[in-house]
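Thank you all for coming. I would like to take a few minutes to walk through one model, beginning with the overall fold and then turning to individual helices and residues.

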Amino acid sequence: MNVIVNGVRAIVFGFHKQVFLLHPKVLIFVLLDLPSLLFFSTYSLLALFWAEIYHQARSLPTDKLRISYAAINGVIYVIQVCIWLYLWIDDNSVVEFIGKVFIAAVSFIAALGFLLYGGRLFFMLKRFPIESKGRRKKLNEVGSVTAICFTCFLIRCSVVVLSAFDSDASLDVLDHPVLNLIYYMLVEILPSALVLYILRKLPQKIISAQYHPIL
C-alpha cells in the first residue's frame, strides 16, 4: 500500500494547481485524505504484527487481534466515506471541520497504538537474557520504528488539528505547495523510507517456538 500512497501523493504534487481546482470540491478531499487512511492501514498492520508477537510471548490469546484490526479499519473507512458523501451533497465548513478532526483522531489512535505495543515489545525484549541471539538488533529495530511512527502520526495529528481551528494554518491549499511537500515528507515519505530500511529483513512470523512465555 506504500506504493499506492506515494503514487497518489505524486499525482497531487505533480498536478498541484489542477488538483485544487477540481469540482466537485469533495474530489480534493478524497485525493488528500485517502492516502492518509491507506498510510494508517499500512502501518497499523505493523502494530498488529507487534501485538501478535507480544501476546504470543506472554501466552495471551491472539485470535481477536486481527478481528479488531479489521473492525477498526472498517469503521474508519465507513465514517470517512460518509463524510465524503455528505460533502458531495452539501459542501459546508462544519463537515469539513469534522473531517479534519476525524483524520486527526485516526492519527492519534495510530500514535497511541505504536506507543502501546511498540513500548510493550521493547521492554519485553529488554527482559530477555543479554546473550539472547539478536536481542540488541531487535531492540534497536523496535525502538527506532516505534519512535519514528509515533512521531510522524503525532505530527500529523497536531498539524491537522491546528488547521481545523485555523484555516490560515492549513498546508493543503493552493498557496503552500512547498510547505505541503515538506509536511508530507516529514509525516509519510521520510518515515516510510526509514522504516523500510530498518525492517529490510523481516523477522519470522511464528515465534512461539523461539520465545518462552514471560510470566
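This is a predicted model: local features need pLDDT of at least 70, side-chain atom pairs count only at pLDDT 80 or more; totals for chains, interfaces and linings use all residues.

Residues are numbered from 1 along each chain as its sequence is written, and side-chain values use heavy atoms, with hydrogens and water left out.

First, the overall picture. The protein chain has 7 helices and 0 strands, where helices (H or I, at least four residues) and strands (E, at least two) are DSSP runs numbered from the N terminus, and so the pattern along the sequence reads α-α-α-α-α-α-α. Of its 215 residues, 42% count as buried, and by buried I mean under 20% relative accessible area, with exposed being over 50% and partly exposed in between, using a 1.4 Å probe and protein chains only. The chain exposes about 12300 Å², of which carbon and sulfur atoms supply 71%; these areas come from the Shrake-Rupley method with a 1.4 Å probe, and for residues only the protein chains shown count as cover. If we take contacts, meaning heavy atoms within 4.5 Å, between residues at least 6 apart in sequence, 73% of them join residues at least 24 apart.

Now to the helix packing. The axes of α1 (residues 2–14) and α7 (residues 177–198) come within 12 Å and cross at roughly 155 degrees, which makes α1 roughly antiparallel to α7. Axes here are lines fitted to C-alpha atoms, for helices over the stretch in contact, and angles run from 0 to 180 degrees between N-to-C directions; angles under 35 degrees count as roughly parallel, over 145 as roughly antiparallel, 65 to 115 as roughly perpendicular and the rest as oblique. The crossing of α1 and α7 is left-handed, a term used if the near helix is turned anticlockwise from the far one by less than a right angle, and right-handed if clockwise. On the α1 side the residues involved are N2, V5, N6, R9 and F13, and they meet N180, L181, Y184, E188, I189, S192 and L196 of α7.

Helix α3 also packs against α7, at an angle of about 35 degrees and with the axes 12 Å apart, and this crossing too is left-handed. Here L32, P35, S36, F39, Y43 and L46 of α3 make the contact with Y184, V187, E188, S192 and V195 of α7.

What is the angle at which α3 and α6 pack? It is about 150 degrees, with their axes 12 Å apart, and the two helices are therefore roughly antiparallel to each other. Their contact involves, among others, S36, F39 and W50 of α3, together with T146 and R156 of α6.

Leaving aside neighbours within four places in sequence, R156 is in contact with residues including R9, S36, F39 and Y184.

T146, in helix α6 (residues 135–165), is likewise buried, with a relative accessible area of 9%. A polar atom of the T146 side chain lies 2.7 Å from the backbone oxygen of V142.

Finally, two backbone details in loops. Most residues other than glycine have a negative phi, and most peptide bonds are trans. The peptide bond from H23 to P24, however, is cis, with omega near -5 degrees, and P24 sits in the loop between α2 (16–19) and α3. S59, in the loop between α3 and α4 (63–89), has a positive phi near 60 degrees.

Note on methods: A polar contact is a pair of N or O atoms within 3.5 Å; within protein, one must be able to donate a hydrogen and the other to accept it, and residues adjacent in sequence count only if both atoms are side-chain atoms.
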